[in-house]
Amino acid sequence: MGPVSIKMYDKFRLILRIETTVVNVSFFKHYREVEHQDGTRSMAWAERKKTIYSLAPPRELLLAANRRYLEFISTIEDDRAGTDKLNKISQPVAENDRNYRGFNFFDSRDEELFGSLGRGEFNISGFQNKDLRRHLADRSSGQISRTMKRLRVHGLIKKIGRTWKYYLTALGKQVISLGLKLKGLYIIPALFVQPAS
């Protein structure tokens with residue numbers, strides 16, 4: 001478990017409870033005055049200090065993480081959500097005279113990518129190239145960058161403001177959850193059935 005994690009409980013098999021827990025508030029960065037070793041001070045993005053006053057500001061971030069995760073798992077229950085969109089992302093897309101190939105849920109590398117993108121931890125604070133690289137160890141930083149560009153031109157991820165972080169879009173959540181569910185629950189079990197002789 002890392003410094004921040006999303007947990008899901010099924011209370012009494014009646015209530016689904018989502019909570020984001022924080023072990024270390026310094027995981028969150030904010031814009032504040034920073035004192036340097038030479039004694040000078042400047043404004044910069046820095047880790048949140050571990051004080052009682054650091055508890056309130058991350059509240060909105062944690063609520064937003066819960067909301068994004070609930071949005072993601074809510075798409076899992078609707079088998080019809082995004083079937084046409086699944087077809088759309090499998091087609092190549094052109095941007096600035098360059099073609100970006102579509103995604104294929106039967107391709108082991110794309111399936112591994114979508115499985116990684118569906119991880120709950122990426123709903124907390126987004127993800128960067130290095131975060132995906134931890135889960136896709138066989139790919140270089142350059143390969144991950146090109147893959148993220150592909151995801152972006154297909155509308156599956158969006159960049160967060162002036163940062164290097166990304167979130168799944170609503171389309172990305174629908175397509176990934178539906179694609180993985182269709183393959184895992186229907187297609188693979190159907191292929192396992194022995195044909196009649």
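At 69% relative accessibility, Asn-96 is exposed (exposed means over 50% relative accessible area, buried under 20%, partly exposed in between, with a 1.4 Å probe and protein chains only). This is a predicted model, so to speak of local features takes a pLDDT of at least 70, and side-chain atom pairs count only at pLDDT 80 or more, while totals for chains, interfaces and linings use all residues. Numbering starts from 1 along each chain as its sequence is written, and side-chain values use heavy atoms, leaving out hydrogens and water.

Back to that loop. Asn-96 sits between strand 5 (93-95) and strand 6 (98-100), and Asp-97 is in the loop between strand 5 and strand 6 too.

Another positive phi, near 95°, belongs to Gly-39 in the hairpin of strand 3 and strand 4, with 5 residues between the strands. Strand 3 (residues 29-35) and strand 4 (residues 41-47) pair in the antiparallel sense over 7 bridges; pairing takes at least two DSSP bridges between the strands. Glu-33 has Met-43 in strand 4 as its bridge partner.

Now for the helices. Helix 3 (residues 108-117) and helix 6 (residues 141-153) have axes that come within 13 Å and cross at roughly 80°. The axes are lines fitted to C-alpha atoms over the stretch in contact, with angles from 0 to 180 degrees between N-to-C directions. Helix 3 and helix 6 are therefore roughly perpendicular (65 to 115 degrees). On the helix 3 side, Arg-109, Asp-110, Leu-113, Phe-114 and Leu-117 meet Gln-143, Thr-147, Arg-150 and Leu-151 of helix 6. The residues of this contact split into 4 nonpolar, 2 polar and 3 charged.

What about Arg-68, buried or exposed? Arg-68 lies in helix 1 (residues 58-74) and is buried, at a relative accessible area of 10%. Beyond its neighbours within four places in sequence, Arg-68 is in contact (heavy atoms within 4.5 Å) with Leu-61, Asn-123, Ile-124, Tyr-167 and Lys-173.

Zooming out, the chain comes to 7 helices and 8 strands, taken as DSSP runs (H or I of at least four residues, E of at least two). Of its 197 residues, 39% count as buried. The chain exposes about 12900 Å², with carbon and sulfur atoms supplying 54% of it. Among contacts with a separation of 6 or more, residues 24 or more positions apart account for 48%.

Notes
Parallel < 35°, antiparallel > 145°, perpendicular 65-115°, else oblique. Nonpolar A, V, L, I, M, F, W, Y, C, P; charged D, E, K, R; others polar. Areas by Shrake-Rupley, 256 points an atom, 1.4 Å probe, with all protein chains shown as cover.
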